[in-house]
Amino acid sequence: MERTEYFYHGEEVTDKENRIFTVLSIDSLIDGQIEGEGDRKFCKDNDFAFYGSGWQGWAFGGEIDAGKFQKRYFPVVPQWKNYFTLPGKLPKKLHSKKLLVGSFIMYLRWNWNGKNLYLALASVGNVGGLLPPVSFYVDRKKREITCTAYSDGKKWHEGDKIAELALFSASDFFELREKTQKLFAADKNGRFGSLGFLNSTPLKGKITVGGWESWYNHYANINDELIQGDLAGLSQTENLIKTHFLDNQKPCVFQVDDGWEISLGDWDARPDRFPEGMSALAASISDKGYVPGLWIAPFIVDLRSNFARTHRDWILRDEKGKPLAAGFNPLWGANFGKEQPSWPGSYFCLDLSRDDVLAHLGSLIDKAVNDWGFRYLKLDFLFAGLLKGKFANGGSAYEWYDRAVKVLTKRTMNKKGERVAYLGCGMPFEASFKAFPLSRIGTDTKEAWDISWMKKANYPSRPSAFVNMQDTLGHAFWDNGIFVNDPDVVFLRYENISLTDKEKILIALVNYLFASQIMHSDDPVHFDAEKEGGLTRKIEALYKIFEDEDFGVENRNAESYFIFSKNQKYIGFINLSDKAIYIERTELVSRFGVRPENLEAVVDYAERMKEGFLFEPHSISIYEAK
């Protein structure tokens, strides 16, 4: 593993755009990292699949096939670009459509003679310090990687460190994951020990977390009666929370999601929905044996809120002095008028450079933890804290963001001496991994496979079971290394959903095998014992079979994957595409060294044909190798 530091040399200067700090030759990197003359020649003579993580959790994180590029978003909603486009001003030379873009961690992958060759590049300057977030721009034609730092507003002095990169190769998924873990979690207990009170896994050396949340059942239409009904119902029906957590005496979170607050910025209980207040709500959750959880979006505000009206000077501004729009939500922003200085439905963000804003953030978390009694806080829309604006106190966004998240997460215990945990969501990966060991690593899932009009617009951050599966599988090698990966939720219900049983089983197994948080959001009150109970029992039986297995994944292409347990006891295939995929027996033998006739089905959504398997769309198939 090769590490290189990059320093600033020159007169004092303040960056006005993302800084290019080095350009790397791919062929030179191959020479230094890929062993074997034949392997090196193959890599130099052939194009590669590209893995590029997005800059934050709602940006796409997965592989792009050899010869392909990320698709350009058709901006039907302009504010949505903030969710996946790195903030700051991009140098002109990087405006080309023919560049592959990734942040924080990237790799190139070649498949040759039935084996994979990974060449990975990771920004590791924030493991022990504070440096700007790094992005990579890969030119397939020139075979070059241009590396940039999001340092707009940063004042550089002679000898300042700009970035530190780690370069390494790997021959399979497990080596890729192991080397990534060594870079970011050499001391696993130190990285993830604070989550021990939530751990529900029998696997040694791994943290897994889980519970129930209100969002995907009620969305923002919640009230005390609904929440109390769900709270009571979870222990009375044979739903996944009862069978997987409660019956096995595992720790379990009960999270109250968006809809409890007066408005975005006015973080107190809506009296018409929760008349008894948040303390009573947290106490009722705790009395039932759950860890009380609460959703908050601390960095963003609706300009119509009383908070924003009182503290207009706390809102981050652009270079022209106008409030800086952070994103779009029709419920969180006016369509027009004095309280909408941007596009309709825009919400805004706080200026994190201000000490009074930090004091407000500290007071908000203290209220939620110590006054109300919540011990699991989902802190959402954190990307807004890294947007480029004209800060009241100058400086660069990443420096103010780091200061703010330290304030948000400093309460690791409440005043009773009980542990507190934080889930980061919609957060910038590189700037957040130290503060948020438990984090969402993909876009929102959905009770539908995809949203066609968003797909046609090439919107990469769309809520979608399909995109969510790509993100979860793409970030699998990060799990229990960079983050304890939260993939979002498992669906097993039959009301208010269009997912098939096949798709539900796919989601449930991908979340269980390739991530480390199992959240559920179905209605426990109107539980169908026959239909939902039957599917729950099927999922639990599969979870039991695989509970001691460590699974890896490798892309066959951008929408299909080979999967396998580390001990090679189980092998399988995931097809996320809309068409059936045929795999010849020779490819299976080459990849796994096992003949199809020696595979016993555990989960089977494939037609066995004379010379291979035809795997159904939107499916997972797993076989035991005999």
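How much space lies in the largest cavity? The answer is about 90 Å³. A cavity here is a set of points, on a 1 Å grid over the protein atoms alone, where a 1.4 Å probe fits but cannot get out, and lining residues have an atom within 4 Å of a point. Grid points are joined across faces, edges and corners, and a volume is the space filled by probe spheres set on the points. The largest cavity has 13 lining residues, and Y107, L473, G474, V553 and N555 are the closest to its centre. Two or more lining residues come from each of β5 (62-64), α3 (173-184), α14 (465-474) and β27 (551-557), and β27 gives the most, with 3 residues. Helices (H or I, at least four residues) and strands (E, at least two) are DSSP runs, numbered from the N terminus. The lining of the largest cavity divides into 8 nonpolar, 3 polar and 2 charged residues; Ala, Val, Leu, Ile, Met, Phe, Trp, Tyr, Cys and Pro count as nonpolar, Asp, Glu, Lys and Arg as charged, and the others, Gly among them, as polar. In the whole structure, the search finds 6 cavities of 30 Å³ or more.

The model is a predicted one, in which local features need pLDDT of at least 70 and side-chain atom pairs count only at pLDDT 80 or more, while totals for chains, interfaces and linings use all residues. Residues are numbered from 1 along each chain as its sequence is written, and side-chain values use heavy atoms, with hydrogens and water left out.

A pocket, in contrast to a cavity, is an open set of points with protein on both sides within 12 Å along at least five of seven lines. The second largest pocket has a volume of about 1000 Å³. W215, D258, N329, W332 and F381 are the closest to its centre among the 39 residues that line it. Both α5 (215-218) and β15 (261-263) give two or more residues to this lining, with β15 giving the most, 3 residues. The lining of the second largest pocket holds 20 nonpolar, 7 polar and 12 charged residues.

Next come the salt bridges, each a side-chain nitrogen of Lys or Arg within 4 Å of a carboxyl oxygen of Asp or Glu. The whole structure has 44 of them. One joins the side chains of R177 and D550 at 2.6 Å, N to O. R177 is in helix α3 and D550 in the loop between α16 (531-546) and β27, 373 residues apart. R177 counts as buried at 13% relative accessibility, where buried means under 20% relative accessible area, exposed over 50% and partly exposed in between (1.4 Å probe, protein chains only). D550, at 28%, counts as partly exposed.

A second bridge pairs D522 with R493, with the closest N and O atoms 3.1 Å apart. D522 sits in the loop between β26 (517-520) and α16, and R493 in the loop between β25 (489-490) and α15 (501-514), 29 residues apart. D522 is buried at 6%, and R493 is buried at 4%.

Two backbone positions remain. F104, in the loop between β6 (100-103) and β7 (105-112), has a positive phi of about 70° although it is not a glycine. N480, likewise not a glycine, has a positive phi of about 60° and lies in the loop between α14 and β24 (484-486). F104 is buried, with a relative accessible area of 1%, and N480 is buried at 3%.
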